[in-house]
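Biologist: Could we take a close look at one part of this model, the charged side chains that pair up? I'm new to this, so please spell out the terms as you go.

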Amino acid sequence: MNQSQKDDYQRSLKSLDTEEGIDLAFYRPIGYRWALLAARFGVSPNAITIAAIFLGIAAGIMFYFPELRLNIIGMLLLVWANSFDSADGQLARLTRQYSRIGRILDGLCGDFWFVTIYLAIVFRELHCSPFFAGHPGVIWVMACVTGVCHTKQAAMADYYRQFHLYFLKGEEGSELDSADQLQRHIEESGVTWSNNFWKRLTMEIYLNYTRQQEATAPAMQALRRELHRRFPSGNIPASFREDFRRGSLPLMKYTNILSFNWRTITLFTTLFIGQPWLYFVAELTVFNLLLVYMIVRHERLCRRLTFRLEEGMY
């Protein structure tokens, strides 16, 4: 890369604070090249996201089959899908084609992948495992509970990452939303169930998603309210931003573990040993413990900073 390309590549990243090591070493460089190619041919970020959805679904279907060679094809398809999922955000940052619909689509992308993967694992185990064939309710319950946990893990990892970016780069560098603002936006948009059902449905799903994030982080909401009360113009002191970054940065590794890469490493490992149901076990134990620890640490940080604000220390 020449210096101009290096600058563009850096601009395509969210921030080094929040980027995961495997992404920086592998997915971001590949995603950057996909983004440049898409920009050359006028392909939009949302079109790349839709392509990623179909690639991820195809990958999930490959995991239904017990043949390892087909599973490996699925793994390669999932890696390809994730490189596209990286590229859509990088293209949006390079070309400034931001949209809330794009963010919603990006969030739904992983949901489509993992719903397909979960169903593939369930039907594979029902077909191949004598135990689960004789006790089908067990694998279905495991899959459903794991899906709920996965959704919460991914939502909170994304929320904490966006909160960190908000203090690091400001509103323009973050996609942090507020349920109250989203509700007002829906009411003022004129989009109703009768005149645009699918858009309204998408907006309502995203509103509910944001409400669940906020409900899981009450201390963070208290901190946001206190900041708004003291600094209504949004001019938060640099000293506060730095204190938040110092406390939040060590926690970013937990948000990264709960994102795509470590999940797929776990998934691929279970596929290589021919026991994909163990992926559900990992989600229900290790990943849930990390989620609880991440929430506790972030909430403690927010309470401490809220106390300092109330004491007039900024």
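How many salt bridges does the structure hold?

Modeller: The structure holds 11 of them, where a salt bridge is a side-chain nitrogen of Lys or Arg within 4 Å of a carboxyl oxygen of Asp or Glu. Before we dig in, keep in mind that this is a predicted model, where local features need pLDDT of at least 70, side-chain atom pairs count only at pLDDT 80 or more, and totals for chains, interfaces and linings use all residues. Residues are numbered from 1 along each chain as its sequence is written, and side-chain values use heavy atoms, with hydrogens and water left out.

Let's start with R28 and D23, whose closest N and O atoms are 3.7 Å apart. R28 counts as buried because its relative accessibility is 10% (buried means under 20% relative accessible area, exposed over 50%, partly exposed in between, using a 1.4 Å probe and protein chains only). D23 is buried too, also at 10%.

Next up is R229 with E226, where the closest N and O atoms are 2.7 Å apart. Both residues sit in helix 10 (residues 218–230), three residues apart, which is about one turn of the helix. Helices here are DSSP runs of H or I with at least four residues, numbered from the N terminus. R229 is exposed, with 55% relative accessibility, whereas E226 has a relative accessible area of 9% and so is buried.

Now for E283 and R263, whose side chains meet at 2.7 Å, N to O. E283 belongs to helix 14 and R263 to helix 13 (residues 260–272), so this pair ties together parts that are 20 residues apart in sequence. Both E283 and R263 are buried.

Salt bridges can also link up: E242, D243, R246 and R308 are joined in a network of them.

While we're at helix 14 (residues 277–310), look at how helix 11 (residues 238–248) runs past: their axes come within 10 Å and cross at roughly 160 degrees. That crossing makes helix 11 roughly antiparallel to helix 14, a label for angles over 145 degrees. The axes are lines fitted to C-alpha atoms over the stretch in contact, with angles running from 0 to 180 degrees between N-to-C directions. The crossing of helix 11 and helix 14 is right-handed, as the near helix is turned clockwise from the far one by less than a right angle.

Notes
Helix = DSSP H or I, 4+ residues; strand = E, 2+ residues; numbered from the N terminus. Parallel < 35°, antiparallel > 145°, perpendicular 65-115°, else oblique.
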